[in-house]
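Subject: Handover of a structure for your review

Dear colleague,

Please find below the sequence and the structure that I am handing over to you. My notes on the findings follow directly after them.

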Amino acid sequence: MKSQKSIDPAALELLPKAALDGVETVWDRYEAQQPQCGFGSLGVCCRHCVQGPCRIDPFGNGPKAGICGASADVIVTRNLLRQVAGGAAAHVDHAYEAVEALELAAKGNINYSIADETKLQQIARGLGLEVSDKNKADLALEVVEAAYADLANHGSKPVQWLMVNAPKERIAVWQSLGILPRNPDREIREAMHQTTMGMDADPVNLVLSTAKQGLVDGYSGLKLATDMQDILFGTPTPVVTEANLGVLKEDCVNLIVHGHVPLLSEKIVFWAGKLQEEAILAGAKGIQVSGVCCSGNEVLMRNRIPLAANYLAQELAIITGAIDAMVVDVQCIMPSLAKVASCYHTELITTMPIVKIPGATHVPFTLEGADDTAQVIVRKAITAYGRRNSKKIHIPNYKQKIVAGFSVEAIVSALSAVNPNQPLKPLVDNIVNGNIFGVVATVGCNNVKATQDIVHVELVKELVRNNVLVVATGCSAHALAKAGFMNSEGTETYAGEGLKAVLTAIGQAAGLGTPLPPVLHMGSCVDNSRIGDLVTALAGYLNVDSASLPVAASAPEPQHEKALSIGTWAVTMGLTTHLGVVPPVLGSKAVTELLTNGLSDVIGGKFYVETDPLKAAQGLLEDIRSKRQKLGLPC
Ligand code: CUV
Ligand code: SF4
């Protein structure tokens with residue numbers, strides 16, 4: 001078992017307090033689960049019918065097939081397909097809510113505005129819609145109609161969101177493999193069907209269906225969600241703020257937003273601003289909103305809200321004793337939060353019909369009643385402030401200054417300062433001349449199987465030292481923010497000479513007064529679509545397949561099914577995709593070989609599993625080097 005729980009100094013400071021307060025954390029429960037089931041870990045346990053559970057003996061002495069005859073290859077791939085479909089379902093559901101919000105906003109039925117007309121027009125043009133002098137509500141309704149058409153498509157047409165946004169070369173590859181997704185709901189339903197008892201027994205066919213789910217995730221989940229959210233709330237531009245638990249303010253009402261969909265958290269941020277006076281009347285200096293997980297990333301990118309904690313530290317945030325209320329929407333919310341909150345004065349508030357936690361207060365969120373709900377929640381936080389026990393409060397004094405908000409638009413605008421006519425040229429030129437050796441996207445979660453943040457931080461340290469530009473989202477971005485990779489001091493400390501020179505030059509040209517950070521925060525998990533857009537733009541500019549770019553992806557500490565779907569999408573984009581935690585597939589040698597090797601001949605990308613961050617960095621550098629070689633670039 002791993003020796004250390006976290007490398008985050010704030011987490012390390014709070015763990016003894018958790019023990020002292022008698023509060024159990026994710027790490028305690030992880031220990032209690034040891035040893036974890038070997039069959040499950042290898043992916044060779046099947047519970048898809050009631051004759052089971054069945055398991056395959058990985059050492060070959062016991063059963064080689066389930067009761068129905070399913071082999072290890074079949075069981076492993078069926079399980080993987082279901083996991084990736086689970087992740088895709090989460091993202092498509094998220095996107096659907098955002099489409100609905102845009103529809104109601106455009107019809108004037110809810111109190112949300114259309115904040116970014118430029119983005120709306122750009123998306124409409126991409127969809128082939130006539131933009132000319134339409135008012136924004138009408139145009140938004142046409143975009144909404146196109147989105148609903150994807151979700152209600154009963155024919156065999158591939159989803160339009162993919163067709164208009166993906167690189168042409170990739171579309172051809174996916175078409176030849178027969179994995180262009182149609183209606184995303186239909187594809188997810190089909191994946192569930194395909195994996196029930198007595199269905200597909202061809203591991204290769206199951207892996208291809210898994211790849212198709214990656215595309216569902218990428219275009220009908222991530223891309224669609226980001227597009228809708230940018231139209232509604234604005235496309236991010238660079239912001240300066242802070243990260244880690246030190247952002248909590250002892251003398252303020254501390255309200256945490258946790259989860260993923262920004263529809264409620266945007267309103268919370270707004271009303272926390274409006275109701276400051278009430279907090280002051282209650283004896284506080286004001287209201288401090290901070291973020292956990294991807295809700296945190298969303299309101300960070302658009303509203304400069306500081307990041308409090310990533311996935312593994314969500315309980316520790318409450319253990320500071322300084323959180324008055326934590327409001328959650330969907331995904332990555334540990335059910336344990338209710339028990340942790342009950343040891344303090346913290347009010348845990350659930351808001352969604354599909355996320356209720358016994359012990360939490362449920363305040364139902366609807367788009368129509370969003371302002372009322374947000375006010376109720378902010379006032380609950382103010383009331384809870386009065387119940388604080390000052391003896392139980394301990395806020396670790398750790399935080400890092402960060403620059404975030406790097407949408408593709410923001411990156412292009414910074415680069416335009418160098419070359420207004422061809423903004424991508426300075427980036428590409430520096431990749432070509434080797435000042436920037438390559439680009440790696442680090443994404444995804446923390447996983448309790450790894451020391452918190454260590455894989456993110458050690459991997460990225462090595463990459464940027466070797467002049468790799470890193471773009472990050474999700475809890476990876478949190479980890480790197482906390483570790484000081486998202487400010488100009490980080491450039492000084494960590495970046496190799498070539499990278500440092502480029503970041504300094506762009507920072508100067510863009511009038512920032514400081515170098516760009518070596519890691520660009522591109523947003524939440526659905527904002528991985530922004531990374532996809534960047535990769536697509538680079539491939540388009542160079543007129544090459546994205547699979548041949550010196551670009552790779554990594555989920556250093558993945559835990560959620562969504563991270564597997566995002567990783568699968570990255571593989572379909574032709575990228576070598578590193579996983580720093582072993583996924584449950586090793587029970588089949590053939591499938592492991594296919595995912596980590598064979599797949600690259602078929603689709604251009606592959607998975608690369610390595611738990612040691614330094615070795616992983618070497619592996620990714622090697623991958624980038626071989627891509628540079630093939631493009632004839634200096635290595
Ligand atoms: Ni969506 S999915 S633990 S919050 S990144 Fe963080 Fe990001 Fe993984 Fe969850
Ligand atoms: Fe066992 Fe087959 Fe049923 Fe799975 S589907 S539980 S392998 S009998």
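**Findings**

Not counting residues up to four places away in sequence, Ile-268 touches Leu-255, Val-257, Val-289, Val-327, Ala-374, Ile-377 and Val-378. Here two residues are in contact if their C-beta atoms, placed from the backbone, lie within 7 Å.

Please note that this is a predicted model, in which local features need pLDDT of at least 70, side-chain atom pairs count only at pLDDT 80 or more, and totals for chains, interfaces and linings use all residues. Residues are numbered from 1 along each chain as its sequence is written, and chains are lettered from A and ligands numbered from 1 in the order in which they are written.

Ile-268 is also among the residues with the most contacts inside the largest nonpolar core, together with Leu-102, Met-326, Val-378 and Leu-480. This core has 209 residues. Helix H4 (residues 72-106) gives the most to the core, namely 20 residues. A nonpolar core is a set of buried Ala, Val, Leu, Ile, Met, Phe, Trp, Tyr and Cys residues joined through C-beta atoms within 7 Å. A residue is buried if 20 or more other C-beta atoms, placed from the backbone, lie within 10 Å of its own, exposed if 12 or fewer do, and partly exposed in between. Helices (H or I, at least four residues) and strands (E, at least two) are DSSP runs, numbered from the N terminus.

The domain assignment, which is automatic or from a database, gives domain 1 (72-233), domain 2 (245-392) and domain 3 (403-630). The C-alpha centres of domain 2 and domain 3 lie 31 Å apart. Between these two domains, 12 residues of domain 2 are in contact with 17 residues of domain 3. Helix H13 (residues 293-303) gives the most to the side of domain 2 that touches domain 3, with 6 residues.

The unreviewed UniProt entry lists Cys-46, Cys-49, Cys-54 and Cys-68 under "binding site"; such annotations may be inferred rather than shown by experiment.

Are Cys-46 and Cys-68 buried or partly exposed? Cys-46, in strand E1 (residues 45-46), counts as buried because it has 25 C-beta neighbours inside 10 Å. Cys-68, in the loop between strand E2 (54-55) and H4, is partly exposed, with 15 other C-beta atoms within 10 Å.

Yours sincerely
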